[in-house]
Amino acid sequence: MPELVVGIDLGTSNSVISVVLEGEPIVIPDPDGNRIHPSIVHFFDDGRTVIGNAARSWWLQDPLHTVYSAKRLIGRPFDSPDLKVIIGSYPYPIVPSQEGAPRIQIHNQLHPPEGIGARILYYLKELAQNYLGQEIKKAVITVPANFDEGQRLSLIHISE
């Protein structure tokens, strides 16, 4: 079987992963048949996580440990005016790292927003591999038009 390349739209609210098979585009579903995957990660006390649709219900049940819209924080310095405007809208703490980048504090651990994006990308890759029955090594990931060069480079690094 030829090596497949998937396409990923890593969205702020939702993400989608697709592939072209025999000339037909297919949006890859999760095990429940959902083809749109919320860009949400929930962290349990014991370190386990759930991602996507499985994490959606935790958004209301346990908002302090359910990360959403992390993409808005990628590649921005903690003291940027844009970040100051949005930081108060998150229920979980966002604190500066020693380098001045934003970090999401969950269960006394600091998570870079790029790390949240990486978890979502890994989840999407696993969905594709399970659906297609083969390892996925290549992907094209969309980059928002309004991302600056630093934000684009941040996305490149998490996808490697």
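## A tour from the surface to the core

Start by selecting Asp46: this residue is exposed, with a relative accessible area of 53%. Exposed here means over 50% relative accessible area, buried means under 20%, and partly exposed is in between (1.4 Å probe, protein chains only).

Before you go on, know that this is a predicted model, in which local features need pLDDT of at least 70, side-chain atom pairs count only at pLDDT 80 or more, and totals for chains, interfaces and linings use all residues. Residues are numbered from 1 along each chain as its sequence is written, and side-chain values use heavy atoms, with hydrogens and water left out.

**Stop 1: the salt bridges**

(The term needs a side-chain nitrogen of Lys or Arg within 4 Å of a carboxyl oxygen of Asp or Glu.) Arg48 counts as partly exposed, at 48% relative accessibility.

How many salt bridges does a search of the whole structure find? There are three. Another one is Arg76 with Asp82, at 3.1 Å from N to O. Arg76 is partly exposed at 22% relative accessibility, and Asp82 is partly exposed too, at 49%.

Now pick Glu3 and Lys138, whose closest N and O atoms are 3.6 Å apart in their salt bridge. Glu3 sits in the segment before β1 (5-10) and Lys138 in strand β11 (138-141), so this pair ties together parts 135 residues apart in sequence. Helices and strands are DSSP runs numbered from the N terminus: helices are H or I with at least four residues, strands are E with at least two.

**Stop 2: a charge without a partner**

Go to Asp30, in the loop between β3 (24-27) and β4 (37-38). Asp30 is buried yet has no salt bridge; Arg56, the nearest side chain of opposite charge, is 8.0 Å away. (Lys and Arg count as positive, Asp and Glu as negative; His and the chain ends are not counted.) Setting aside neighbours within four places in sequence, Asp30 is in contact with His37, Asn53, Tyr123 and Leu127. Contact means heavy atoms within 4.5 Å.

**Stop 3: a three-stranded sheet**

Show β5, β6 and β7: they form an open, antiparallel sheet in the order β6-β5-β7. β6 (49-51) and β7 (66-68) stand at the edges with a single partner strand each, so one side of each has no neighbour in the sheet. Two strands pair if DSSP finds at least two bridges between them; β5 (40-43) and β6 have three. One to click on is Val41, whose bridge partner in β6 is Ile51. Next, bring in helix α3 (113-132), which packs on the sheet and touches β5, β6 and β7.

**Stop 4: the core**

Which residues have the most contacts inside the largest nonpolar core? They are Val67, Tyr92, Ile104 and Ile116, in a core of 33 residues. (Such a core is a set of buried Ala, Val, Leu, Ile, Met, Phe, Trp, Tyr and Cys residues joined through side-chain atoms within 4.5 Å.) Helix α3 gives the most to this core, with eight residues. Finish on Ile116: apart from neighbours within four places in sequence, its contacts are Val41, Phe43, Val67, Ala70, Ile104 and His111.

Conventions. Axes are lines fitted to C-alpha atoms, for helices over the stretch in contact, and angles run from 0 to 180 degrees between N-to-C directions.
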